[in-house]
Amino acid sequence: MLDQAQAYLSRVVPWVEGAFVNIHWTSAKLNPNNGKPYWQGRAHSTLDETLKTLKWAVGKPDIRDIYVCMSAQATCEDKVAAGGRFSYRKAIKGTHTAVGLKSLFLDLDVKPDELDKAYASTKDAITALRDFIQATGLPQPTMAVASGTGGVHVYWCVSRTMGREEWQPMAQALVEATRRHGLKCDTQCTIDAARVLRVPGTLNWKKGDPLPVTLGVKSVQPGDYAVEDLQAALAPFMGAQVLAFTGATPGMAPRAAQMPGLNDEFTAGIAEAIARPPVDLDSVADTCGFVRDALVSGGSSLSNPLWNLTTLLATFGMGGDGKDGRAQAHRMAMGHPGYTHASTDELYDRKLREKQERNIGWPSCSTIQGSGCTNCATCPMAAMGKSPLNYGKQTVATVQAAAAMGVSPAGVVIAPGFPGAPALKVDDVPDGYTRNARNLVFKIVVDENGTAEQRLVLPYSLHTGWLQDDPWTLHFSTRLGNSQKDTQISILQEHLQGRDFAKYLGRQGVAVQKSHSALLQEYLLAWITKLQSMAEGVVSSAPFGWVTVGNKLDGFAYAGRVWTPTGDKPASAPNPQTEVQYRPRGDLQPWIDAAAYINGQKRPALDTIIASAFGAPLMKFCNEAGVILSAYSTESGIGKSTALKVAQSVWGNPQTAMQMLSDTENSVLKKVGELRSLPLFWDEIKGDEQTSKFVNLAFQLSSGKEKSRLSADAGYRAMGSWQTMLVSASNDSLIDPIVRQTKTTTAGIYRVLEFRVPPAALNVDAHGVVARLVGKTQDNFGQAGLAFAKFLGANHERVTREVAELQDKLTAKLKATPDERFWIAGLTCCVLGARYANELGLTQFDVAGLLQFLTGTMTAMRENRSAQPVDMRSPEAISTVLQQFLAAQQGRHTLVTDRMHVGAGRPPAGSIKVLSDPARLDGIHVQIGVSNKLMRISNTVFRDWLAHKGYSPHLVVEALKGQFSARRTTAILGSGSVLAQMRQDVIEVDLGGQTLVDLHEFDGTAPAAAVTP
């Protein structure tokens, strides 16, 4: 184990000539004065000496926990053992005697009962550390040590020794990084230059039994980091440069603190207020137990050093009631037994003088803790290196005074506008931030000395922010590169709170440097909170399709806007990839030309494909989830694909927006959940495998909603829903695959409106014309959809009424049954969509011819449905299924007897004659009694067979009961014969007088050589 200690000590601590590395340990013996173990230690100047001491200490039974001081120390104490047996160097450590350090370190504890500051398991701690490193951009730690009780110590070792003045800001920055990113660790350990940590290869006795402290061998990196590289990685967390205000900004009052000659009492008061803003001490008490106890008890138990500190705090503060600092000094002292008004005034005046003469800043938490405050030991803020005043609020008086001078509450001069600058929406800036005239956002920070700092959040403009609430997404405007136009950026709130949020912004062109990452993430979250509190900050809409506000239809969303009867407003943004595919591009005329060519052929099958693009949004008013429109032809080159591309380009890119069978089910469901009212198109469906895959997906889509899924936090994820058309072009009919997959119901057929696209005699010269016309839609798409979206949004009341009227007329005229409602919806939407497109001048549909074609299609669908044996209400369908089962059981599993025993009890042995060949039997699943025309089937075997063949066992068995008076009972198959089985669950069918066509021959003729008992 000393090999681990050697590998560890050679890198984490500095070996500086003339300085000492200390090994410390505890004794098994307890100090009688305080009941705690004795601490001892040795100082060493070389690694070899240290390892010898470790070897000796590990072997001593009375030595327990062994540590090393992380800094080289300047001094030690030469000692001689009792009796003069040997001399040694006694270890002395302290922050002020630290010569240098060679690593930064973190201590992550595992304490399941203290999850506010530790982790439940080592795995959780390591996962949190990994997330922290990725989020901050810090390099991998040089090594990690398991402390023995589940905790982890990690180290970043550097290639040279750092002086304490160089090391301390880096340690503070590391602590700040853990604070910003929520890594739970002992931050006081990280900033303590004289901290001792456990040595790997030793034992941890903290929980009574010795547990090994081990170096994670796989965690050890081959080299140490350059100090400069580590400083660069920590730069975002090292604080910001203080901005110097060297002169007045044109048009604005200068900072009062820099106005020489303004010595009147009012101006001096304003200058002091801005230089050191008074803090509401009552708000400080919400966080700081020291201030809270002093205010509540009147300082009844304060020692003299702590009384000095409450009085100093009072010189920087005011009360929530507006009373000045002097009054607060009395509040925090009047409960003390030795309190007098005069002595408190005297101390307050002295603290005021010292503050001004010596430029004393806010008293720090560490000073308060060092003066004997017991509250600090359990305060989570104590390790932040701040002052209690950092956690309070500025008083109203300060804000008003600063505003009177044109200065922000934090004392930062607000930049004026410049010629041509955009108007600012200043009310959406969160508290603690300011936005200048170029829309750059700064975080305002006031240090303990009252000095204002501005930290640039991002070197991009950030303005015009708004939220959508389904899903929660932040949208804002910025300018990318040298662009003169604003670009809208969108990011899901769940992505913003993740470690990869910068990647999502990067994909949209916003490059986030590590130095801005944490500030930006913090700002965007604050911006969301601010927008949620504003009346117009949240937009309840959708990226595409119909938008409902409350319980009323509001308009239609497309191209980033919601189009309503009274105008338009922002729409929620979709997934960036979907947005690119469906963002209108180019001009409208190329699409009109392509559609005119299709319409001019007077081929209603192709017109139906294009009409579906306009009909899909109308499905909402038919109150149906989805209709599958299937166009097929065995021939190629007859125009299906061309019409499909023209239809797709109504709303989106005819190439990238078209669906592919290689798309995963989840991706398609996510996309249709965004599109909601827009159609989806599939082309080139070929072969049984592709057709089967499409049918599976299409029926999931035609349900109108996603499958229920659990989210990452084990809650149910919001499901997408839609009402639209799903349009496919294939080389063969979809009916047979649908029948195969929905064997016991016609519901599948009713969801499909299928038609054949017949070939047309086209002039050979026309192929080039078609290719050029359709090719132009690749750069000119979405404009027809934009025109139609505006029409729908402005006229949704009319559209609602006219869809209902046509739907009712077609239902009555075609005498449609409730099962046929999907077909009626498809006819209604395609016909009305074509009519509206003509009205807008987009198309030249022959609407009457289209209606005639679609009614003929519905008639053909009815005939097709009747020919399919999938309706379990039909005796013929039930007979077919039963015939298939009996054919599978005949010979090896079917027993034919002269009669079926039906009475109580068992019949006499041999009273039932076997008419089939028993030598061929391999288990009896079916028995048929010829004379009394009864059949019994093993219920278990029959249901298993049905399920294996894709039928619904429940539906078939219930149909047998309804159509043929079958019943479930218990019986013995082969009862009364030598082949009698055990009693079992059977289905009994009375074959007498039924119409089970060709089910079985019951003429009493037995197969050859019928066997009798």
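**Burial, cores and a helix in a predicted model**

The backbone nitrogen of V896 lies 3.2 Å from a polar atom of the side chain of S916. This is a predicted model, in which local features need pLDDT of at least 70 and side-chain atom pairs count only at pLDDT 80 or more, while totals for chains, interfaces and linings use all residues. Residues are numbered from 1 along each chain as its sequence is written, and side-chain values use heavy atoms, with hydrogens and water left out.

Me: Why does S916 count as buried?
Reply: Buried means under 20% relative accessible area, exposed over 50% and partly exposed in between, with a 1.4 Å probe and protein chains only; S916 has 7% relative accessibility, and therefore counts as buried. The place of S916 is in the loop between β32 (894–897) and β33 (926–929), strands being DSSP runs of E with at least two residues and helices runs of H or I with at least four, numbered from the N terminus.

Me: Which residues of the largest nonpolar core touch the most other members?
Reply: A nonpolar core is a set of buried Ala, Val, Leu, Ile, Met, Phe, Trp, Tyr and Cys residues joined through side-chain atoms within 4.5 Å; among the 96 residues of the largest, Y558, W591 and W651 touch the most other members. Helix α30 (residues 821–839) gives the most to this core, with 12 residues.

Notes
Polar contact = N/O pair within 3.5 Å; in protein donor to acceptor, adjacent residues only side chain to side chain.
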